[in-house]
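Here is a short report on a sheet, the helices across it and a surface patch. Start with the structure itself.

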Amino acid sequence: MQTTAPVGATPSGNRLLVRFLWVASAMYLVWFFGYEQWLAHDGRLDAALCRHLTQAGVSLLQLAGFTATVSPTNLSLVMMSGEPSVVIGPPCNGLVLYALFGGFVLAFPGSWQRKLWFIPLGMALIWVLNVLRVAALAINHHYAHQSVDFNHHYTFTFVVYACIFGLWMLWARRLAVKPSQPAA
């Protein structure tokens with residue numbers, strides 16, 4: 001005997017998982033062929049993101065009262081008091097993080113109306129974290145350069161990925177689901 005789910009019932013957990021895996025796989029292929037095979041080789045998108053992040057980090061440092069500038073010879077280099085401090089390269093410009101965050105939200109079931117505001121908001125938060133990271137690493141380099149490598153590879157990586165995980169949990173547990181309907 002077969003039973004069918006009532007109209008409006010949520011799909012089974014297995015169907016949601018299969019859907020998530022298909023969408024995530026399709027998005028990975030788009031990333032691989034669109035970015036890895038084309039845009040990364042072109043380099044202009046990465047260069048623009050690196051320059052923008054450098055300028056934003058320098059602006060934040062200046063706002064906080066530090067003597068910071070963008071190097072006139074390398075637009076991805078933060079200078080602190082005239083000394084080289086932090087270089088922003090393509091692996092650190094945030095593009096992969098934006099794609100990872102956006103891809104998860106797109107692949108996970110949920111309202112498209114909510115996705116349209118949550119994805120840009122989440123990406124903006126990741127960008128702000130990255131600007132804070134650039135500024136903090138520049139300050140770290142200026143005052144205690146021996147700990148920059150550890151903070152760059154571990155401390156800030158943990159903070160950024162923890163934030164992204166928190167955003168994913170917010171999406172999966174609160175925003176992707178529709179508010180429960182009052183019982184009739």
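In which helix does Trp127 lie? Trp127 is part of helix α4.

This is a predicted model, where local features need pLDDT of at least 70, side-chain atom pairs count only at pLDDT 80 or more, and totals for chains, interfaces and linings use all residues. Residues are numbered from 1 along each chain as its sequence is written, and side-chain values use heavy atoms, without hydrogens and water.

**Patch.** Leu125, Trp127, Val128 and Leu132 make a nonpolar surface patch of about 310 Å² (residues with over 30% relative accessible area and no salt bridge, nonpolar side chains joined within 5 Å; Shrake-Rupley areas, 1.4 Å probe; a salt bridge puts a Lys or Arg side-chain nitrogen within 4 Å of an Asp or Glu carboxyl oxygen). Trp127 counts as partly exposed because its relative accessibility is 30% (buried is under 20%, exposed over 50%).

**Sheet.** Three strands form an open, antiparallel sheet in the order β1-β2-β3 (pairing needs at least two DSSP bridges; strands are E runs of at least two residues, helices H or I runs of at least four). β1 (68–70) and β3 (83–87) are the edge strands, each pairing on one side only. Neighbouring strands are turned by 35° on average, direction ignored. Three bridges join β1 to β2 (residues 77–80). Val70 stands opposite Val78 in β2.

Contact means heavy atoms within 4.5 Å. Axes are fitted to C-alpha atoms, for helices over the stretch in contact, with N-to-C angles from 0 to 180 degrees.

| Helix | Lies across | Angle |
|---|---|---|
| α2 (residues 44–63) | β1 and β2 | about 160° to β1 |
| α4 (residues 112–144) | β2 and β3 | about 140° to β3 |

Terms used
Patches are made of residues with over 30% relative accessible area and no salt bridge: like charges are joined within 9 Å, nonpolar side chains (Val, Leu, Ile, Met, Phe, Trp, Tyr) within 5 Å. Buried means under 20% relative accessible area, exposed over 50%, partly exposed in between (1.4 Å probe, protein chains only).
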